[in-house]
Amino acid sequence: MDNKDSEAEIHPLKTEDAKAQENHENSVERRIISKQTAGLSRLSRWRTAAFFVSLFLCLVIVFAFSFIIPCPERPVSERTWFQSYNNAVAYRFLALEDVNEDKVQDVLFVFKASNGSSSFNSSCLDEGLPSPCAFVAAVSGTNGRALWESPAAQDVEWMECGIQQLGGAGAPGCLVVGKPVALTALDLRTGEVQWRQSSDFGANYTLLTPVSVIPDVDNDGVQDLVIFIATGKKIKSFIHSGKNGQQIGSTGSLAVDGSARYIRLNLGSSPYFLFYTENSLYAYSLKDLYSAATGMERKLPSLQQDPQWEKNIDSTTHRLSLLSSGDFRYLAKIPGQSRENILVISSEMATLISGKNLQTLWTLNVSRALSEPLLGYYKPDVLGVLLESEIGPNKKKVMIVESASGAVQWDLTLNSGAESPGPAMLSTADHRSTFLIWGDYEEPGNETRSTAPLQKLYLFHPSYSNILLELRNNTDQVIAFSAALFERSRHACYVLLRGPQPSQEPGPVSLMKRKLKEDVSESKVIRLSQAAVDSEQYIRNRLYRMRFHSRE
């Protein structure tokens with residue numbers, strides 16, 4: 001202590017300088033702290049401002065999307081609509097495609113008249129065709145409004161829609177096979193002619209349908225077309241460019257032993273065409289057809305051949321040895337585990353053949369088939385096949401068969417006329433199917449009918465295996481019938497095309513779309529057995545509430 005005091009007395013100025021230095025440092029520290037505090041305060045205010053600005057922008061965006069910017073309008077589909085055409089005849093073609101891109105299926109059909117409907121005032125002369133001529137028409141699935149009409153040909157033998165890149169366009173197209181022979185490609189969206197090519201099929205021919213779309217074989221980037229016609233005991237094949245319709249190569253000739261039909265099988269990357277007459281089966285690969293048309297061998301992936309199939313095909317006659325018995329009525333493709341199988345239906349038997357090794361998987365006794373087999377689901381996710389076979393004059397048997405085993409899951413006997421439409425199927429949300437069947441049901445013990453059977457439309461769903469719903473009693477001539485989900489997984493409807501056919505005198509033609517639920521709510525409940533089930537109104541209500549599902 002004495003030393004510090006003496007030091008201060010000896011050096012008084014030094015002590016004062018130290019104190020001044022200390023005070024200066026303290027002052028600097030206070031200014032720094034003050035600046036830091038002010039900076040933090042300003043930063044906090046900026047953060048608060050940014051938060052409220054962001055919140056305000058979010059509210060503005062929500063408000064704009066909610067009230068100012070309109071949401072895309074979902075088309076409101078009418079439950080029932082009609083389109084009528086006077087002094088016309090209609091063809092047995094119905095196609096369902098989204099023509100106007102509103103995500104609702106639209107209806108395409110063909111009628112023959114001197115002029116189109118009043119909606120377009122189009123005439124046959126617009127395309128240089130004699131009157132009357134065949135018009136392809138597209139009708140909105142939502143309200144029945146005509147979308148377009150196009151004079152296509154003097155007469156129509158076949159129409160196929162939904163062909164991708166037809167004419168080289170970005171939109172799908174429709175191919176019309178006319179008579180006199182002309183191939184016409186129409187734009188699906190507008191109905192405008194993409195190209196028209198005449199062709200010489202010769203005299204007295206029969207067009208084999210459907211027209212097949214094949215992979216691009218002329219390297220123009222567009223799928224191509226193969227058309228088959230039958231003349232006597234020969235089948236002629238024509239390969240046409242999908243881009244401009246010009247024929248690729250020359251006409252191929254295939255020898256068969258009678259009137260033939262065909263189906264196409266896709267065996268991996270190897271397309272095969274199976275032709276069947278009453279007594280024989282013939283198989284041609286796409287490579288065979290291309291070589292016959294062009295006389296050239298090309299190594300394209302689409303022109304490969306299946307070794308297992310080639311072993312069973314006679315290299316000279318192209319006969320396919322599958323079954324010893326003939327009398328073939330129908331061939332149908334049935335999806336299998338790895339590739340498509342073949343369902344062969346003769347006058348007395350149905351046989352499923354493996355597409356992999358050509359071995360028989362199962363057989364089932366059936367009588368004469370009346371319609372093409374229809375795929376559907378009786379059990380959840382278990383594929384089945386609906387078969388209709390004739391069991392007597394104006395009588396048919398309807399069976400649902402499990403595709404994997406051939407076991408009969410359900411059957412029904414109906415009266416049926418010669419012009420009865422084929423069945424249809426709609427997939428339901430319970431992973432099964434609703435089946436729509438035409439016929440005339442008679443209760444057992446009341447089978448005294450002497451007049452021609454009526455055309456009645458019935459609904460069957462596997463949840464009620466002993467119940468039918470009678471949806472409508474139709475007295476008009478039904479030319480074509482189809483059913484589909486007009487929107488994805490909803491709006492189950494059926495379409496009826498009625499009126500005279502080309503072989504008859506012109507008259508009124510009508511096209512009708514009707515929502516299935518409208519008929520279900522007013523349907524007649526038919527009990528196939530006396531087993532105790534729910535009340536009729538409960539059954540109607542439950543099937544009315546049934547939800548549908550798009551499997552694609």
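User: How many salt bridges does a search of the whole structure find?
Analyst: This is a predicted model, and in it a search of the whole structure turns up 17 salt bridges.

User: Let's take one of them. Which residue does E518 form a salt bridge with?
Analyst: The partner of E518 is R79, and the closest N and O atoms of this salt bridge are 3.7 Å apart. E518 sits in helix α5 (residues 516-521), while R79 belongs to the loop between α2 and β1 (80-97), so the pair ties together parts that are 439 residues apart in sequence.

User: And is E518 buried or exposed?
Analyst: E518 counts as buried because its relative accessible area is 15%, and the cut-off for buried is under 20%. R79, on the other hand, is exposed, with a relative accessible area of 52%.

User: OK, another pair. What does R319 meet in a salt bridge?
Analyst: The side chain of R319 meets that of D257, with an N to O distance of 3.8 Å. Here too distant parts of the chain are linked, since R319 is in the loop between α4 (307-312) and β16 (328-334) and D257 is in the loop between β12 (252-255) and β13 (261-267), 62 residues apart.

User: How accessible are those two?
Analyst: R319 is partly exposed at 35% relative accessibility, and D257 is also partly exposed, with a relative accessible area of 27%.

User: What about K456, where is its partner?
Analyst: K456 forms a salt bridge with D440, the closest N and O atoms being 3.5 Å apart. K456 lies in strand β27 (residues 455-460), whereas D440 is in the loop between β26 (433-439) and β27, and the two are 16 residues apart.

User: Why does D440 count as buried?
Analyst: D440 counts as buried because its relative accessibility is 0%.

User: Switching to the surface: which residues make the nonpolar patch?
Analyst: F51, F52, L55 and L59 make a nonpolar surface patch of about 430 Å².

User: Where is F51 found?
Analyst: F51 is found in helix α2, which covers residues 12-68.

User: And why does F51 count as exposed?
Analyst: F51 counts as exposed because its relative accessibility is 52%, and the cut-off for exposed is over 50%.

Methods. Residues numbered from 1 in each chain as written. Predicted model: local features only at pLDDT ≥ 70, side-chain atom pairs only at ≥ 80, totals over all residues. Heavy atoms only, no water. Patch = residues over 30% accessible without salt bridge, like charges linked within 9 Å, V, L, I, M, F, W, Y side chains within 5 Å. Areas by Shrake-Rupley, 256 points an atom, 1.4 Å probe, with all protein chains shown as cover. Salt bridge = Lys/Arg side-chain N within 4 Å of Asp/Glu carboxyl O. Helix = DSSP H or I, 4+ residues; strand = E, 2+ residues; numbered from the N terminus. Buried < 20%, exposed > 50% of the residue type's maximum accessible area, 1.4 Å probe, protein only.
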